[in-house]
Amino acid sequence: MRGRIANAKSFGWAIYAAGFAIWLFGYLSAGHDPLFDWKAATPWWISSFVPNLEAELGLALMFASMIPIYGRAVVRDNLARVFAFAALLVFGTVTFAWWGFLAWLIWHVI
């Protein structure tokens with residue numbers, strides 16, 4: 001069991017490294033248009049990190065790498081780690097939704 005957890009964690013870090021390389025390429029190049037309008041929905045300092053599609057893909061891979069890295073808590077049934085992992089994912093989702101709502105509010109009301 002210990003070997004499988006270590007392999008999953010190594011796989012997660014490999015995904016993170018690939019995501020970081022793709023994000024860095026996208027951040028430093030012109031790239032394609034992003035799928036999501038970050039400039040309209042988020043503050044400038046957030047939208048500056050995802051200027052194009054390549055940066056979005058790299059950022060998505062970096063976030064997805066959390067599953068194999070921290071997912072071993074699910075395998076070991078350690079409820080404290082599972083709660084922390086789920087709370088982090090929920091907090092991130094709520095934060096993005098809140099920024100989207102604020103951007104919509106600012107765009108339509110002000």
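Me: Why is W23 called buried?
Reply: In this predicted model, W23 has a relative accessible area of 11%, and buried means under 20% (exposed is over 50%, partly exposed in between; 1.4 Å probe, protein chains only), so W23 is buried.

Me: What makes Y27 partly exposed?
Reply: Y27 has 36% relative accessibility, so Y27 falls in the partly exposed class.

Me: Why is the pair of W23 and Y27 called stacked?
Reply: Rings of Phe, Tyr and Trp (its six-membered ring) pair if their centres lie within 6.5 Å, and planes under 30 degrees apart count as stacked, over 60 as edge-to-face and the rest as tilted. The centres of W23 and Y27 are 5.1 Å apart and the planes are at 20 degrees, so this pair is stacked. The whole structure holds five aromatic pairs, and ring pairs join F20, W23, Y27 and F49 into a cluster.

Me: Where do W23 and Y27 lie?
Reply: Both are in helix α1 (residues 2-28), four residues apart, about one turn of the helix. Helices are DSSP runs (H or I, at least four residues), numbered from the N terminus.

Me: How do you know that W13 is partly exposed?
Reply: W13 has a relative accessible area of 45%, so W13 is partly exposed. W13 also belongs to helix α1.

Me: What are the conventions of the model?
Reply: Local features need pLDDT of at least 70 and side-chain atom pairs count only at pLDDT 80 or more, while totals for chains, interfaces and linings use all residues. Residues are numbered from 1 along each chain as its sequence is written, and side-chain values use heavy atoms, with hydrogens and water left out.

Note on methods:
Helix = DSSP H or I, 4+ residues; strand = E, 2+ residues; numbered from the N terminus.
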